[in-house]
Amino acid sequence: MSSERSRAYNRITGELFPGGVSSPVRAFAGVGGTPPVIRKAKGALLYDVDGNDYVDLVGSWGPMILGHAHPEVTRAVAARVQRGLGTGTPSPDEARLGRLVATLLPSVERLRFVVSGTEACMAALRLARAATGRDKVIKFEGCYHGHADPFLASAGSGALTFGTPNSPGVPADVVRDTITAPYNDLGAVAQALEENEEIAAIFVEPVAGNMGLIPPVEGFLEGLRELCTDYGALLVFDEVMTGFRVHLGGAQALYDVMPDLTCFGKVIGGGLPVGAYGGRADLLAQVAPEGPVYQAGTLSGNPVAMTAGYRTLKALSRPGVFDAIVANATRLAEGLGDDDRVAFNVGTMMGLWFADSAPRNLEEAKTTDLERFKRYHAAMLAHGVHLPPSPFEAWFVSLAHDDRIIERVLEAHEASITASA
Ligand code: KE4
């Protein structure tokens, strides 16, 4: 498998961009090797500049749930572009996508579009602080809510992979109001609420995907709901990753727990830059220009991005489509597990741990065989399978991961298990 041209591009980007990438998680520093430079993607496959192709289980970190370049999405985007790329005005496109999101998630009575998950979480925190008149926030170790300062305390994803879960450059005063607790530990949350008067909100990934895939234990989300209600804090589900992935209605539908606010990203934009935050009407009424909480964005609600998100969710909502993707993920997970490793899926998201049992929090995730994962990742890439370059990420399955593709992954897996032993 030649990688000459990829290496040539990596030399250019290595000089231009920190780590040679536009986002840290894309660098292979966590697993070693050279990230293939991808020139084209179609269905479940990526094609690099050296002519190699790979089965993709990153899916642009979640958005490509229908598979890459799905014709229903690309045709609609191509047509919309002919009517202009953006106007900074209200548009029928944002109305259409907004109405569809509110239909799929009943807790989202009203919402505001932004252009990334980071922006959605940042805005939701500002709104929660304004609505409660409190400053503190509880987040969970290993969870990632984007790179806004208040959340860079024990952050997951790339911050965890590259060992900077508490980033320099974030003033101590800012993270002083951020309290962290172990994921799945209701006792620690109850104690934090006991010890702190001023908690505005609890932010949680309802299924954690940024320290590897870690589902909530029985009663965890229900317990958070109860604690927030009793204490008067807002429960914020960060569904940037889980939204439309673990269930068409998000984790809140899967576990039947209603948050006060929800953050979105990834799938909601179908691969183009879209984020959103939404929830109770009384809370959203406090957002400018209706209310005093300021938040704005030049490209928020961009009609081309709205079109990609709308067409993606419309196709996903068609009877049988979402279930078919869950079936693909289930079939894949069943083929990967064995005595020394645990593989499972939550809806269309998948996780693989080199451990006897699945971790329930960050501490346990760190005790899994991380070195084995690095060797396995390199072997899978050499066998034409593109996995997230970190054990602290989730895998993303799409409609395009059919039996033939899954067979190809399982063959690569068998060879990689041997090669990485
Ligand atoms: P973005 O700003 O990257 O759109 O969203 C931030 C974010 C917020 N909340 C959750 C639960 C998320 O998973 C993310 C982003 N996830 C990472 C992958 N683990 C995005 C990939 C990247 O950082 O390049």
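The accessible surface of the chain comes to about 17,000 Å², of which 53% belongs to carbon and sulfur atoms. The model is predicted: local features need pLDDT of at least 70, side-chain atom pairs count only at pLDDT 80 or more, and totals for chains, interfaces and linings use all residues. Residues are numbered from 1 along each chain as its sequence is written, and side-chain values use heavy atoms, without hydrogens and water.

Of the 421 residues, 56% count as buried, that is, under 20% relative accessible area (1.4 Å probe, protein chains only). The C-alpha trace spans about 55 × 50 × 45 Å along its principal axes.

The chain has 15 helices and 14 strands, which are DSSP runs (helices H or I, at least four residues; strands E, at least two) numbered from the N terminus. Two of the helices, α3 and α11, pack at an angle of about 35° with axes 8 Å apart. Axes are lines fitted to C-alpha atoms, for helices over the stretch in contact, and angles run from 0 to 180 degrees between N-to-C directions. Contact means heavy atoms within 4.5 Å.

| Helix | Residues |
|---|---|
| α3 | 92-104 |
| α11 | 303-317 |

Among the residues that meet are L97 and L100 in α3 and Y310 and L313 in α11.

Key: Buried means under 20% relative accessible area, exposed over 50%, partly exposed in between (1.4 Å probe, protein chains only). Accessible areas come from the Shrake-Rupley method with a 1.4 Å probe; for residues, only the protein chains shown count as cover.
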